[in-house]
Amino acid sequence: MKVPDTAAVTALVAEFADPETGRGLGPMGQIRSVAAGPDGIAVTIALTSHSALLWPATRARLEERLRTAFPSAGPVVVTVQTHERAPGKLGQVGLEAKSVIAVGSGKGGVGKSTVAVSIAIGLARAGSRVGILDADVYGPSVPHLVGLSGRPQIDGGRIQPLHLEVGPHPLPVMSMGFLVPPGEAVVWRGPMLHGAIAQMLRDTAWGPLDYLVIDMPPGTGDIALSLSQVLPLTGAVVVCTPQDVALLDATKAIAMFRKVQIPLLGMVENMSFFLCPGCGKRYDIFGSGGARRTAADLDIPFLGEVPLQMAIREHGDAGRTAANYDDDASRPFFTAICERLVGNLAAAHAARPPLPSLPVL
Ligand SMILES: Nc1ncnc2c1ncn2[C@@H]1O[C@H](COP(=O)(O)OP(=O)(O)OP(=O)(O)O)[C@@H](O)[C@H]1O
Ligand SMILES: [Mg+2]
């Protein structure tokens, strides 16, 4: 058998794109070791926790590429280690995060909070550092969906968020629901609203994050405008149901995000269809394919659909939204949405001007 050439293997790995930046692993200093010999090829690469969700797929793609390029090499094994790339401080609030994702909708009650929390949990389970900001100061529902309650402590002048244990890193959650007793109405006026959002972002001890997921209140652009003024948002995900009226409202929400110059990361169709647990038949209760068509018409990515399932509602009401990932009936839908979202972010990064090169190890 022909022994593969280490230099040729290294050259191929160097060109292979990092799923966070979209740039070659070589110039970014992410090749840890390459061994090529009569026993096969063993490569260790380092990837960031921002792309944790894409690690298995990235590993498989690199192995496949090496097998194709060196067909007589014998076994090919790629190992992944963590590559530390610290987030920068964002905007006036100095939040340390790499991606800030707002989840919004036009219409209320379409499942925005459920989708926002599920995206955050999906990313965290894979190994990313994630935080959730509940920006619905009028009707905060994140505490209920994740089963957290209690008043955050103030420590060193910073609000200590409550934490969810859903992945290798504790997931900080901040919500007005922790600060205002349940059932007590808050009447926010414009400047106070802006101040409350800015304060929750600035004064919460989030720690360094790969993603901050923001659950937006329905409709109005006030909060989107406030957010866009205090920190650069990576983009917005718009949730809707397949009904015409919800799609019309989603179109308005998209126009609103465009107006305040928040990029659109994609659309999620929730309550897309009902799979009868008894007979397995699919019922398109609110029609079908509407959000996919709307997304195509408006030229934004379609991230995926979530069926209407009794268990999703039950998990939410029981404060166990994370259980949607333990359930074979719902996990694939939420996972697919997270994967498309992270994949699209990588593509957007790759389209930006190059990062400064690091010396090759
Ligand atoms: N796919 C689904 N299947 C079943 N129930 C769902 C689904 N998505 C959301 N729900 C349920 O619908 C209700 C509303 O969801 P959620 O609170 O996420 O909506 P929202 O858009 O954030 O609402 P609001 O506009 O009030 O903020 C909740 O009880 C939730 O559990
Ligand atoms: Mg909500």
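Leaving aside its neighbours within four places in sequence, which residues is phenylalanine 178 in contact with? The structure that answers this is a predicted model, in which local features need pLDDT of at least 70, side-chain atom pairs count only at pLDDT 80 or more, and totals for chains, interfaces and linings use all residues. Residues are numbered from 1 along each chain as its sequence is written, while chains are lettered from A and ligands numbered from 1 in the order in which they are written.

Phenylalanine 178 sits in the loop between strand S10 (171-175) and helix H5, where helices (H or I, at least four residues) and strands (E, at least two) are DSSP runs, numbered from the N terminus. Its contacts, once neighbours within four places are set aside, are Pro143, Gly150, Arg151, Pro152 and Leu162, two residues being in contact if their C-beta atoms, placed from the backbone, lie within 7 Å. Phenylalanine 178 counts as buried because it has 20 C-beta neighbours inside 10 Å; a residue is buried if 20 or more other C-beta atoms lie within 10 Å of its own, exposed if 12 or fewer, and partly exposed in between, with C-beta atoms placed from the backbone. Leucine 162, one of those contacts, is 16 residues away along the chain, and the two C-alpha atoms are separated by 8.7 Å.

Helix H10 (residues 331-350) can be followed from end to end: at 1.5 Å a residue its 20 residues should span 28 Å, and its end C-alpha atoms are 29 Å apart, which agrees. The expected span is 1.5 Å times one less than the number of residues. Among the buried residues of H10 are Phe334, Ile337, Cys338 and Leu341, and the buried set covers an arc of only 165 degrees around the axis, which puts it on the same side of H10. An α-helix has 3.6 residues a turn, so residues three or four places apart point the same way.

Helix H3 (112-126) is among the elements against which the buried residues of H10 pack. H3 and H10 pack at an angle of about 75 degrees, with their axes 9 Å apart, which makes H3 roughly perpendicular to H10. Here axes are lines fitted to C-alpha atoms, for helices over the stretch in contact, and angles run from 0 to 180 degrees between N-to-C directions; angles under 35 degrees count as roughly parallel, over 145 as roughly antiparallel, 65 to 115 as roughly perpendicular and the rest as oblique. Ser118, Ile119, Gly122 and Leu123 in H3 meet Phe334, Thr335, Ile337, Cys338 and Leu341 in H10.

Strand S13 also packs against the buried residues of H10, and methionine 271 is found in this strand. Methionine 271 is buried, with 23 other C-beta atoms within 10 Å, and its phi is near 55 degrees, a positive value in a residue other than glycine.

Note on methods. The arc is that of the directions from the helix axis to the C-beta atoms.
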